[in-house]
Amino acid sequence: MPTIFRKTAKGVTEIETRAHRLAPRMRSALIMVDGKRSDADLRPLIQQQPDETLAALAEQGFIEVLAAAPDAVQAPPAAPAAAAPARPAADFEARRRAAVRGLNDQLGPLAETLAIKIERARTADELRPLLATAVQVIGNARGRGAAADYAARFADL
């Protein structure tokens with residue numbers, strides 16, 4: 001039965017600060033763990049030793065099992081709960097994380113270098129040119145449609 005993993009607080013901290021200095025292969029795998037993909041979905045994205053990589057991340061406390069997914073049909077994603085308006089800084093952080101997640105969804109480990117640059121952006125002005133680069137890279141790798149979808153998600157930045 002497929003297993004769904006999510007980042008622990010230690011995993012989120014590692015993505016944000018690189019405090020534990022994970023190897024690039026481990027960091028790439030950690031970035032792709034999002035609480036939605038099953039281990040079966042992650043295996044093709046993790047190029048080298050996917051099972052061992054996921055096991056090591058779990059063993060070291062960077063990820064944890066969220067749920068065991070049913071074999072045939074996964075439950076549809078839950079509707080987002082209504083939340084209070086986000087502070088601008090929190091909104092920027094969420095948008096930046098969404099940009100990295102979307103880039104990784106499209107390109108997998110090939111997105112690592114650009115994803116790191118996006119993670120380092122501290123303002124919307126720093127983020128905009130990186131998003132334009134991401135759109136170009138996605139367009140080259142996945143086609144115009146995928147690039148247009150990605151660009152539309154972040155057009156308001």
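Reply: Start with the elements: helices (H or I, at least four residues) and strands (E, at least two) are DSSP runs, numbered from the N terminus. On that basis the elements run β-α-α-α-α-β-α-α-α-α from the N terminus on. That order holds eight helices and two strands. Note that this is a predicted model.

Me: What share of the protein is buried, and what makes a residue count as buried?

Reply: Buried means under 20% relative accessible area. Of the 157 residues in the protein, 37% are buried.

Me: Why is α2 called largely enclosed?

Reply: Seven of its nine residues are buried, so the rest of the structure largely encloses α2. The buried residues of α2 are Met 26, Arg 27, Ser 28, Ala 29, Leu 30, Ile 31 and Met 32.

Me: How do you know that Arg 37 is buried?

Reply: Its relative accessibility is 12%. The cut-off is under 20%, so Arg 37 counts as buried. Arg 37 sits in the loop between α2 (24-32) and α3 (39-42).

Me: What does the side chain of Arg 37 reach, and which residues does Arg 37 touch?

Reply: The side chain of Arg 37 reaches the backbone oxygen of Met 32 at 2.7 Å. Not counting residues up to four places away in sequence, Arg 37 touches Thr 3, Ile 4, Phe 5, Met 32, Leu 42, Leu 45, Asn 104 and Asp 105.

Me: Why is Glu 119 called buried?

Reply: Glu 119 has 13% relative accessibility. Buried means under 20%, so Glu 119 counts as buried. Its place is helix α6 (residues 112-120).

Me: What makes the pair of Glu 119 and Arg 27 a polar contact?

Reply: The N or O atoms must lie within 3.5 Å, one able to donate a hydrogen and the other to accept it. The side chains of Glu 119 and Arg 27 make such a contact at 2.3 Å. Arg 27 is one of the buried residues of α2. Leaving aside neighbours within four places in sequence, Glu 119 is also in contact with residues including Ile 15, Arg 18, Ile 31, Arg 96 and Val 100.

Me: What is the phi of Arg 18, and of Arg 21?

Reply: Phi of Arg 18 is near 60 degrees, a positive value in a residue other than glycine. For Arg 21, phi is near 50 degrees, again positive in a residue other than glycine.

Me: What makes α7 roughly antiparallel to α8?

Reply: The axes of α7 (residues 124-142) and α8 (residues 144-153) come within 7 Å and cross at roughly 155 degrees. Angles over 145 count as roughly antiparallel, so α7 is roughly antiparallel to α8. The crossing is right-handed.

Me: Which residues meet there, and how do they divide by type?

Reply: From α7 come Leu 131, Ala 134, Val 135, Ile 138, Gly 139 and Arg 142; from α8, Arg 144, Ala 146, Ala 147, Tyr 150 and Ala 151. The residues of this contact divide into eight nonpolar, one polar and two charged.

Me: How do you know that α6 is roughly antiparallel to α7?

Reply: Their packing angle is about 160 degrees, with the axes 9 Å apart. The cut-off is over 145, so α6 is roughly antiparallel to α7. This crossing is left-handed. On the α6 side the contact uses Leu 114, Lys 117, Ile 118 and Arg 120; on the α7 side, Glu 126, Leu 127, Leu 130, Thr 133, Ala 134 and Val 137. They divide into six nonpolar, one polar and three charged.

Me: Why does Thr 133 count as partly exposed?

Reply: Its relative accessible area is 34%. The class runs between 20% and 50%, so Thr 133 is partly exposed. Thr 133 has its place in helix α7. The C-alpha atoms of Thr 133 and Leu 114 are separated by 8.3 Å, and the two residues are 19 residues apart along the chain.

Methods: Residues numbered from 1 in each chain as written. Predicted model: local features only at pLDDT ≥ 70, side-chain atom pairs only at ≥ 80, totals over all residues. Heavy atoms only, no water. Buried < 20%, exposed > 50% of the residue type's maximum accessible area, 1.4 Å probe, protein only. Contact = heavy atoms within 4.5 Å. Axes fitted to C-alpha atoms, helices over the stretch in contact; angles between N-to-C directions. Parallel < 35°, antiparallel > 145°, perpendicular 65-115°, else oblique. Left-handed = near helix turned anticlockwise from the far one by under 90°. Nonpolar A, V, L, I, M, F, W, Y, C, P; charged D, E, K, R; others polar.
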